[in-house]
Amino acid sequence: RQTKTLKQRWLSFLGAFAFFLYASWNVYWWCNGQLAPSVLLKVFGVPAPTTGMTRSFIAFFNGHLMESLYWNPFTFPVIGVMIWSIYSISFQCYKGKKLSKLSLSPLLINLWAVFLILAFIAKLIMGPEHGKW
């Protein structure tokens, strides 16, 4: 049996702690009868790359393409990478891969990085008047 290195244990702890904070943040707002705002937006005053995606998604399906792009131009690339990631992890589970061995391919990791960075830059360039910050 292989033991985890210190780096692996630290990353595992950091991931679990970040998930705990994120879940706690959402539960806190939900218990106060509200949807949770973006942590980045609320704490630091800057939008998250995904700020406005729900409004963008709804506008698109109501036939308002320009309004959809206004709220977040990267809604559908991010949703696409999310669906592909879920499929990838689900397929690994189906094939019997252990939970501790699940991972995204380097291509998916790079796509996440590119789309989230581009979405963040787009939100900063568009400014607070484009999409609700």
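Guide: Start with the residues that touch. M53, S56, F57, F60 and F61 in helix 3 meet T75, F76, V78 and I79 in helix 5. The model is a predicted one.

Visitor: How do the residues of this contact divide into nonpolar, polar and charged?

Guide: The contact of helix 3 with helix 5 has 7 nonpolar residues, 2 polar ones and no charged ones.

Visitor: What describes two packed helices?

Guide: The general idea is to give the angle between the two axes and the distance between those axes. In this case, helix 3 covers residues 53–61 and helix 5 covers residues 75–94. Their packing angle is about 105°, and the axes lie 10 Å apart.

Visitor: Are helix 3 and helix 5 roughly parallel or roughly perpendicular to each other?

Guide: Angles of 65 to 115 degrees count as roughly perpendicular. Helix 3 and helix 5 are therefore roughly perpendicular to each other.

Visitor: How many helices and strands are there in the protein?

Guide: The protein has 6 helices and 0 strands. Read from the N terminus, the order of elements is α-α-α-α-α-α.

Visitor: Now the protein as a whole. What box do its C-alpha atoms fill?

Guide: Along the principal axes, the box is roughly 55 × 30 × 25 Å.

Visitor: What percentage of the residues count as buried?

Guide: The protein has 133 residues, and 23% of them count as buried. The accessible surface comes to about 10000 Å², with 71% of that belonging to carbon and sulfur atoms.

Visitor: Which share of the contacts with a separation of 6 or more comes from residues 24 or more positions apart?

Guide: In this protein, such residues account for 43% of those contacts.

Key
Residues are numbered from 1 along each chain as its sequence is written. This is a predicted model: local features need pLDDT of at least 70, side-chain atom pairs count only at pLDDT 80 or more; totals for chains, interfaces and linings use all residues. Side-chain values use heavy atoms; hydrogens and water are left out. Axes are lines fitted to C-alpha atoms, for helices over the stretch in contact, and angles run from 0 to 180 degrees between N-to-C directions. Helices (H or I, at least four residues) and strands (E, at least two) are DSSP runs, numbered from the N terminus. Angles under 35 degrees count as roughly parallel, over 145 as roughly antiparallel, 65 to 115 as roughly perpendicular and the rest as oblique. Contact means heavy atoms within 4.5 Å. Ala, Val, Leu, Ile, Met, Phe, Trp, Tyr, Cys and Pro count as nonpolar, Asp, Glu, Lys and Arg as charged, and the others, Gly among them, as polar. Buried means under 20% relative accessible area, exposed over 50%, partly exposed in between (1.4 Å probe, protein chains only). Accessible areas come from the Shrake-Rupley method with a 1.4 Å probe; for residues, only the protein chains shown count as cover.
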